[in-house]
Amino acid sequence: DIVQDVQRIVQQRLHEDLSLSQLSSTVHLHPKYLSWLYKQETGEGISEYVYRLKMEKAAEWLKYSHKKVYEIACHLGYRNTSYFIRVFKEKYKMTPNQFRLQHGTFRHSG
């Protein structure tokens, strides 16, 4: 199933170029057709899926790891940390550091 292939590719390559053109060439379909097919089957666009997965992974790392924000941005394919912070803030209504303070399991005492 093409949709499952795309989702698996995205999950395995979150740090890479996951543009529609790159994904469509990987699964050997025309970008417009792949985009249409994916949206038909999932109700979500490919770029929304990629964005959602990256933000979920960022939140997970902020909660459960000591990775620095710039490291998380880099691991998720964001070359510009301030852009990553901006899109994270759009999604969660707080910066990555604020998110970590509120939700992180590695809270510092005193």
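Buried means under 20% relative accessible area, exposed over 50%, and partly exposed in between (1.4 Å probe, protein chains only). This is a predicted model, where local features need pLDDT of at least 70, side-chain atom pairs count only at pLDDT 80 or more, and totals for chains, interfaces and linings use all residues. Residues are numbered from 1 along each chain as its sequence is written, and side-chain values use heavy atoms, with hydrogens and water left out.

R8 is partly exposed at 40% relative accessibility. D5 is partly exposed too, at 29%. The two form a salt bridge (a side-chain nitrogen of Lys or Arg within 4 Å of a carboxyl oxygen of Asp or Glu). Their closest N and O atoms are 3.4 Å apart.

R52 takes part in a bridge with E44, at 2.9 Å from N to O. R52 also meets E56, at 3.2 Å. R52 and E56 both lie in helix α4, four residues apart. Shared partners join E44, R52 and E56 into one network. R52 is partly exposed at 28%, and E56 at 36%.

Helix α4 (residues 46-64) also gives the second largest pocket the largest share of its lining, five residues. Among the lining residues are L18, S35, I46, V50, K54 and Y78. By class, six lining residues are nonpolar, three polar and one charged.

Notes:
On a 1 Å grid over the protein atoms alone, a cavity is a set of points where a 1.4 Å probe fits but cannot get out, and a pocket is an open set with protein on both sides within 12 Å along at least five of seven lines; lining residues have an atom within 4 Å of a point. Helices (H or I, at least four residues) and strands (E, at least two) are DSSP runs, numbered from the N terminus. Ala, Val, Leu, Ile, Met, Phe, Trp, Tyr, Cys and Pro count as nonpolar, Asp, Glu, Lys and Arg as charged, and the others, Gly among them, as polar.
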